[in-house]
Amino acid sequence: MAGSEQVFALYDKIKKSVVKDIELGKLKPDDRVPSETQLARIFNASRMTANRALKELTEEGRIVRAQGVGSFVARPKPDVALLEIKSIAKEIKDWGGVHSSQIMVLKEEKVTEQIAQNMDLNLEDTIFHSIILHKDRGMCVQYSERFINPKVAPHYLSQDFKKITPSEYLLEVAPIQEAEHIIEAVTCKSQIQKCLKIQPDEPCISLKRRTWSFDVVATYSIIISPGSRYKLKGKFIRG
């Protein structure tokens, strides 16, 4: 019994030591963590004990391990509001990042049957369509496709979306009366994978959102983010 207690205390001691170095900033995101062999030597422990400590740190999201390469401090995923609608530029700034954007599509076009159904439009109607990639320090964190009802934002296409995000503009000109969210875990189409620069099997978060303004469907958005770079967070407070 004493032996098992000693093993528990030792692997826990290794974990706490690594966590302390992370929290004090001695080990920063992407820094290499000492190997099993090094930890076993430092703490006078077996490699099995060191392996258990690193395994649990991986499961807790503190470190990431690459087979044959080593263990590294995990980058923290930013918390992003689940149901709150706000600018992605502000979200990136709030988590300490630097926002930039790349405009892929910005045009007026005829609605498709699917978009007409989602936005209560007729097939002869036109729609504003945009696809924008939002980046943090050059790494793409969000693929954002929007369809906008011209009646609620007639000057949408003339905006400089490198200086202002679509959300910032739309929240100003078309106050939201109602919003609907559908969240799914997905694997992306190859075109979106290339935009996000992710592997084919990388899981992504898909957020489909409809908003109503001035008693009509104002926007229909498809927002996709790599699961390794983004997470959603929600909080409910009883009134």
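**Entry 1. Confidence**

I began with the confidence of this predicted model: the protein chain has a mean pLDDT (the predictor's confidence in each residue, from 0 to 100) of 86, and 88% of its residues reach 70 or more.

I note the conventions here: residues are numbered from 1 along each chain as its sequence is written, and side-chain values use heavy atoms, with hydrogens and water left out. For this predicted model, local features need pLDDT of at least 70 and side-chain atom pairs count only at pLDDT 80 or more, while totals for chains, interfaces and linings use all residues.

**Entry 2. Helix H3**

Helices (H or I, at least four residues) and strands (E, at least two) are DSSP runs, numbered from the N terminus. I looked up H3, residues 47–59: its 13 residues reach 18 Å from the first C-alpha to the last, close to the 18 Å expected at 1.5 Å a residue (the expected span is 1.5 Å times one less than the number of residues).

Which residues of H3 are buried? I found Thr 49, Ala 50, Ala 53, Leu 54, Glu 56 and Leu 57, where buried means under 20% relative accessible area, exposed over 50% and partly exposed in between (1.4 Å probe, protein chains only). They lie on the same side of H3, because they cover an arc of only 160° around the axis (the arc of the directions from the helix axis to the C-beta atoms). On the other side of H3, I recorded Arg 47, Met 48 and Glu 59 as exposed. Gly 61, which follows H3, has a positive phi near 80°.

**Entry 3. Second largest pocket**

I looked up the second largest pocket and recorded about 470 Å³ of space. Of its 23 lining residues, Glu 145, Lys 189, Ile 192, Ile 222 and Ile 224 are the closest to its centre. Among the elements that each supply at least two lining residues are strand E5 (99–110), helix H5 (113–119), helix H7 (190–196) and strand E10 (216–226).

**Entry 4. Loop between E9 and E10**

Most residues other than glycine have a negative phi. In the loop between E9 and E10 I looked up Phe 214, whose phi is positive, near 55°. Phe 214 is partly exposed, at a relative accessible area of 48%. Asp 215 lies in the loop between E9 and E10 and has a positive phi near 65°. Is Asp 215 buried or exposed? I found Asp 215 exposed, with a relative accessible area of 67%.

Conventions: 1 Å grid on protein atoms, 1.4 Å probe; cavity = no way out; pocket = protein on both sides within 12 Å on 5 of 7 lines; lining within 4 Å. Points joined across faces, edges and corners; volume = space filled by probe spheres on them.
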